[in-house]
Every structure is written in C-alpha cells, then in structure tokens.
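My notes follow the order in which I looked.

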Amino acid sequence: MTYPAALDGEGLLAPAAILEFSDDLRRADLRPLRDFLAARLRELALAQPVDSDAHWAAEHLAQTVDASCRDLCDALVSWEIELTEGNINRPGLVQSLRQSLGIDWNRLITTARRFADHPDYLPRWRPLRYCCVEHAEFIEHALGDEADGGILHSPDPS
C-alpha cells in the first residue's frame with residue numbers, strides 16, 4: 001500500500017475508518033478486542049465450578065488469548081515503526097511481519113466471533129483476508145475475479 005508522504009506520523013497511525021486490510025491494523029484496534037475477549041473469557045471461567053476441567057480450560061484460554069494479544073501488540077509496534085519510516089515494501093523480515101499481522105488478528109477474531117451475539121461485540125472485528133488493496137488485486141488477477149467467492153470487500157469474508 002502506498003501512503004502519502006504528506007501524512008504525519010499521527011495520521012498514519014490512526015485507526016482506519018473501516019478495517020478492510022491487515023496493513024490498516026493499529027494498536028488502537030487491538031485494545032477494545034483484548035478487553036472484550038478478557039471480559040468474555042472471565043465470564044466463561046466464572047460460570048464453571050472452580051476445581052473443574054472446564055474452569056481450568058477457560059482460564060487457560062484466557063491466558064493464551066492475552067499472550068496472543070500482547071504478541072500482536074508488539075508486532076503492531078514494529079509495523080507502525082516500519083510504516084512511519086516508509087519501509088513497508090522492504091523484502092524479508094518486514095514482509096514476514098506484514099503477513100503475520102493478519103494471521104494473528106484472524107486467530108483472535110475467531111475467538112471473538114464465538115461471542116458475536118454479545119452487545120459489546122463490534123462488527124469491525126472480522127477476519128482480514130488481504131494485507132492491502134494491491135494484494136487483493138493481485139490475488140483477483142492471479143486467480144480470476146471469481147476466485148474469492150464474492151467475498152472481496154464484503155462485510156464478512158467468512
């Protein structure tokens with residue numbers, strides 16, 4: 001994705017109005033998701049008998065999700081540095097970082113979608129299939145316009 005040089009660091013780091021690509025993920029997108037998941041998993045654990053396997057599993061899932069949120073937050077810090085320095089198209093480790101953002105986000109979203117009927121669930125929390133518009137166009141061109149099954153730019157790619 002090409003970002004205009006005229007944007008200052010704050011403009012580049014602001015959350016996108018519509019979260020469509022993993023390149024648009026920011027730390028500010030992660031905070032509400034992390035808090036939502038922590039609350040839902042805490043509720044789930046509290047609903048289980050304290051010494052039960054179900055209680056242990058719910059607590060363990062909460063710890064695993066929290067660690068995943070911290071890892072994604074760390075990756076987003078690195079991504080924001082690359083973004084503000086204009087290095088997002090650099091090959092190698094930057095591209096590995098770029099790919100991991102969507103993968104890690106989608107893992108968290110899979111858990112959050114279990115609670116999609118909760119009033120605090122945000123429609124913004126959906127799986128992200130492409131890292132940027134250029135990636136989406138490349139895939140469409142390489143596989144044909146119908147290869148995405150009609151989900152490109154749809155509200156819910158699942």
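The model is a predicted one, where local features need pLDDT of at least 70 and side-chain atom pairs pLDDT 80 or more, while totals for chains, interfaces and linings use all residues. Residues are numbered from 1 along each chain as its sequence is written, and side-chain values use heavy atoms, without hydrogens and water.

Buried means under 20% relative accessible area, exposed over 50% and partly exposed in between, with a 1.4 Å probe and protein chains only.

Next I looked up the largest nonpolar core, which has 27 residues. Such a core is a set of buried Ala, Val, Leu, Ile, Met, Phe, Trp, Tyr and Cys residues joined through side-chain atoms within 4.5 Å. Leu 33, Leu 101, Trp 105 and Leu 108 have the most contacts inside it. Helix 2 (27-46), helix 3 (53-84) and helix 4 (93-112) each give the core at least two residues. Helices are DSSP runs of H or I with at least four residues, numbered from the N terminus.

I picked Trp 105 and listed what it touches, leaving out residues up to four places away in sequence. Among them are Leu 19, Asp 29, Leu 33, Leu 72 and Trp 125. Contact means heavy atoms within 4.5 Å.

Last, I compared two helix pairs. Two packed helices are described by the angle and the distance between their axes. The axes are lines fitted to C-alpha atoms over the stretch in contact, and the angles run from 0 to 180 degrees between N-to-C directions.

I read that helix 3 and helix 4 cross at roughly 145 degrees, with axes that come within 10 Å. Their contact includes Leu 72 and Trp 79 of helix 3, and Leu 101 and Trp 105 of helix 4.

For helix 2 and helix 4, I noted an angle of about 35 degrees and axes 10 Å apart. Asp 29, Leu 30, Leu 33, Phe 36 and Leu 37 of helix 2 meet Trp 105, Leu 108, Ile 109, Thr 111 and Ala 112 of helix 4.
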